[in-house]
Amino acid sequence: MTRTAGFVFLCLLLAFSVAKAQEGNPQTENRIRQLEEKLRCLVCQNQTLADSNAELAGDLRRQVREQVAAGKTDEQIIDYLVQRYGDFVLYNPPFKATTVLLWVGPFLLLAVGAGVLVVVLRRRRRAPEEAALVPDEKRLVERVLGPAQAGGEAAELRNGEPR
Amino acid sequence: MKRLLIPLAVFLLLVGFLAVGLNRDPREVPSPLIGKAAPPFELPLLSQPDKRFAPGDMRGKVWLLNVWASWCVSCRDEHPVLVDLSKKAVLPILGLNYKDRNDEAQRWLQQFGNPYQLSVVDADGRIGIDYGVYGVPETYLIDGEGVIRYKQIGPLTPAILEQKVLPLAKALKK
Amino acid sequence: MIPELGHFALILALAIALVQGTLPILGAARRQPGLVALARPAAQGQFVFVAIAFGCLAWSFYSNDFSVLNVATNSNSQLPTHYRIAATWGSHEGSLLLWVLMLTIWMLAVTVFSRSLPDDMVARILGVMGLVSVGFLSFLLFTSNPFERLLPPAPDGRDLNPLLQDPGMVFHPPILYMGYVGFSVAFAFALSALLDGRLDASWARWSRPWTTAAWIFLTLGIALGSFWAYYELGWGGWWFWDPVENASFMPWLIGTALIHSLAVTEKRGAFRSWTVLLAILAFSLSLLGTFLVRSGVLTSVHAFATDPKRGIFILGFLSLVIGGSLALYAWRASKVPPGARFELLSRESMLLANSVLLLVACAAVLLGTLYPLFLDALDLGKISVGPPYFESVFVPLMAPAILLAGLGPLVAWRKGDGAQAARRLRWAAIVALIGALFLPLAFGRWAALTSFGLLLGLWIIGSSFTALWVRMRSATRPTRAFAGMLLAHAGIGVFVLSVTLVKSYESERDVRLAPGETLSLGGYDFRFEGVKGVEGPNYQAARGTVTVTRNGAPVARMAPEKRVYHVQKNPMTEASIDYGMTRHIYVSLGDDVGNGAWTVRVHIKPFVGWIWGGCVLMALGGLLAASDRRYRTEARRREQADATLVRSSAA
């Protein structure tokens with residue numbers, strides 16, 4: 001297996017070993033856990049710092065715990081790690097110039113989609129009563145029913161089943 | 001109809017990105033420390049635990065800081081490259097022994113050779129965190145002002161040395 | 001001998017595919033019946049040879065032939081028989097062969113079930129599928145040969161990844177691939193119609209059951225994968241927005257849009273070119289997914305061993321197929337005349353809105369999955385995009401779609417009666433609102449998001465029942481298609497409800513327990529009895545016993561394990577799950593902390609099983625709809641009559 005696959009396999013296996021003991025008061029524990037869930041493990045890159053059992057994750061969790069004990073704010077702790085590992089360590093991508101498209105994109109697309117929808121719907125209200133036939137359909141109908149009938153019968157042909 | 005070409009255009013743009021992406025390693029986490037001062041530390045030497053070293057001691061010189069450990073399999077691949085480099089005496093190489101045991105580390109160096117001018121001991125990995133280490137081996141090129149100029153994630157190879165590290169080191173020395 | 005036979009069979013299949021991909025299409029364009037007639041036998045021949053090749057590989061695995069590199073890398077003599085066979089598709093090469101086998105199975109199905117289609121249309125469809133096959137067979141033969149030999153043979157194999165030694169491995173890939181590959185039929189239909197200029201309602205009618213069938217397989221395949229991850233991986237998650245998962249989800253989203261769009265094209269002749277585009281996009285996303293998983297471009301826990309050379313090949317193939325079809329679309333779609341008129345409030349407009357929402361959702365998933373790549377390629381830094389992003393983007397996009405899905409079935413074609421629909425739906429709305437507001441209190445905690453999720457789920461279930469009731473009281477009996485649609489919608493409602501309940505009310509604890517110690521969670525008591533050693537067929541395990549009681553009454557005896565497989569020697573956890581209709585109890589072993597004590601992790605997950613239950617309902621709904629008599633003999637006979645007329649009028 002390549003190095004990557006080996007890494008990934010190792011992470012999956014490590015993930016099974018539950019090695020966290022819970023101590024201290026629940027509020028701090030909660031805060032620590034929430035912080036850890038905002039951060040990504042750099043070794044097992046698909047897991048949060050809270051879930052990963054890679055050794056580095058353990059070291060980083062210890063750092064987080066120490067900093068919380070030292071009275072640092074959440075922002076300071078996250079900043080501390082981002083300074084050392086870059087934005088990659090954030091489990092949720094930050095909102096900055098380079099990620100504007102990421103965060104705004106979907107809603108922009110939605111707006112575009114909605115716009116297209118409105119335009120199409122408006123156009124359809126002014127469309128002819130029945131859909132125009134494609135050449136083959138036209139020929140079929142003309143052959144069966146004679147040229148003059150081609151328009152109205154199309155509807156019946158197409159809407160075979162009553163709705 | 002121009003509108004109908006939009007899906008094709010979007011697709012071709014996507015293919016462009018994917019083609020570039022084929023040459024990138026998605027697992028690699030680049031360092032935000034490049035261009036910044038190497039984080040300070042004061043650690044004991046592997047060979048003489050009562051003596052200490054700080055990066056400031058290397059002021060005025062361009063040097064390599066190599067993060068290694070005796071339990072690290074890839075380090076063994078990289079080691080001959082470092083030993084070779086040290087023989088050429090082009091660039092001082094200093095080691096950061098990461099989360100290791102002194103006796104095993106020293107035994108490893110005895111077995112595989114010692115390219116390091118000296119090695120410091122980062123027993124609990126704290127300094128590693130300061131340097132953004134997330135895997136071993138990693139290597140930093142630090143200039144005379146103590147600024148990190150390049151980080152190699154993963155083992156150094158002769159090709160990388162020749163194409164990236166040594167030319168940069170030469171340019172920095174001037 | 002046998003591997004060489006398999007290899008040769010693949011080469012023959014490629015030769016046939018080359019013929020199948022070119023001559024029939026030419027024959028159809030030039031009206032040469034001789035060439036057109038090649039399509040069906042070619043497709044059948046391809047199936048035979050690919051099946052032979054697959055059989056040879058499976059035989060090599062079954063008979064432990066370690067002179068085949070693939071077998072040596074992925075199997076082992078101690079591996080139980082069924083896993084030895086499943087290991088056939090456990091690697092990149094083997095799974096690719098499975099992919100091609102699925103393609104030939106669909107091709108075979110097309111040759112059998114297309115008697116009512118004009119021959120030149122069948123020729124084009126099989127021709128397009130043949131071209132796809134050429135691409136994949138070439139990829140196999142030139143970069144990923146599963147029959148490569150290892151000489152001298154290994155004494156034994158490196159074993160199948162223990163995570164894959166599971167029934168999930170036997171079912172999930174084949175079912176999933178049937179889905180992925182099945183969209184190639186709709187794709188081929190669409191391209192054939194573009195080439196032919198014959199984009200009429202009958203094209204939509206023919207395409208529909210094929211598309212629904214592929215969709216059913218994909219739904220089940222994804223659900224199975226999710227369930228497998230849930231019980232196998234040990235930490236209780238069931239969807240991680242991992243790139244490979246997204247790669248299967250995107251075709252599903254577009255496939256769903258496609259089914260709905262085909263309904264409009266079939267009934268009203270509208271949205272023709274839009275439906276064609278969706279058909280092209282669905283399969284394109286399947287192909288894109290194949291690329292993403294095998295090229296090393298994205299990190300994923302599912303990714304196969306990567307090789308940039310393979311990545312380049314797939315990307316090239318992708319560009320040709322998708323680029324070619326989108327170019328064909330741009331060129332020929334404008335020849336389609338516009339569809340019929342419909343009002344602002346009509347079934348058509350609701351379905352169009354559905355298409356738009358699903359497409360935007362799919363684009364959002366694609367954006368999130370590829371964004372790290374975009375930034376990296378532009379040297380703009382490295383970020384990671386994970387579940388929090390996807391959830392915050394996907395849920396707001398899907399919510400309106402779910403609301404519309406409840407309303408849609410009660411709105412008539414062409415011109416809907418809003419007042420009437422509102423009147424009929426008022427009870428569903430009231431029940432949904434009351435349920436959404438008060439159910440959370442019954443569970444002990446009220447949160448806005450929980451309430452909203454419950455509202456959506458209850459709404460779509462309630463409105464589906466309403467639609468059924470209205471139809472049953474009307475002159476027209478509900479058809480299977482109609483009932484199937486409602487069942488599938490209800491399935492979505494069940495899915496949404498269970499996701500909401502699990503996410504809002506699940507609880508977990510992980511603690512150190514010595515034998516005899518008890519932990520309490522969610523009204524249950526968990527007593528750790530200790531751990532003892534156990535021998536499995538190809539592993540050794542430490543099996544823990546945990547007795548679960550509720551108010552003293554026994555509930556379950558759970559046996560989580562920590563296994564070490566003989567060959568790969570890495571430890572693996574098998575969680576123990578007590579499956580209940582209203583909750584799953586999930587227990588896994590952590591580490592041995594000495595003196596008989598272990599760390600134990602316990603989860604209680606309310607209603608989590610209904611996540612997959614909802615998916616099964618969706619699939620059943622699809623099955624019901626696809627079995628509508630419209631798609632069976634009476635309709636086919638009428639189709640044949642139409643087709644004969646068309647053919648003779650075109651002559």
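A: Two residues are taken to be in contact if their C-beta atoms, placed from the backbone, lie within 7 Å. This is a predicted model, in which local features need pLDDT of at least 70 and side-chain atom pairs count only at pLDDT 80 or more, while totals for chains, interfaces and linings use all residues. Residues are numbered from 1 along each chain as its sequence is written, and chains are lettered from A and ligands numbered from 1 in the order in which they are written.

By the contact criterion, 19 residues of chain B touch 24 residues of chain C. On the chain B side, these residues divide into 16 nonpolar, 1 polar and 2 charged, where Ala, Val, Leu, Ile, Met, Phe, Trp, Tyr, Cys and Pro count as nonpolar, Asp, Glu, Lys and Arg as charged, and the others, Gly among them, as polar.

Turning to the sheet itself, helices (H or I, at least four residues) and strands (E, at least two) are DSSP runs numbered from the N terminus, and two strands pair if DSSP finds at least two bridges between them. In chain B, 5 strands form an open sheet in the order β5-β4-β3-β6-β7, with mixed pairing. Strands β5 (118-122) and β7 (148-153) of chain B stand at the edges with a single partner strand each, so one side of each is left without a neighbour in the sheet. Neighbouring strands of this sheet are turned by 20 degrees against each other on average, direction ignored; here axes are lines fitted to C-alpha atoms, for helices over the stretch in contact, and angles run from 0 to 180 degrees between N-to-C directions.

Chain C holds an open sheet of 4 strands in the order β1-β10-β9-β8, with antiparallel pairing. Its edges are β1 (507-513) and β8 (576-579) of chain C, each with a single partner strand, so one side of each lacks a neighbour in the sheet. In this sheet β1(C) is joined by 7 bridges to the antiparallel strand β10 (residues 597-606) of chain C, and D510(C) stands opposite R601(C) in β10(C). Chain A, by contrast, has 7 helices and 0 strands.
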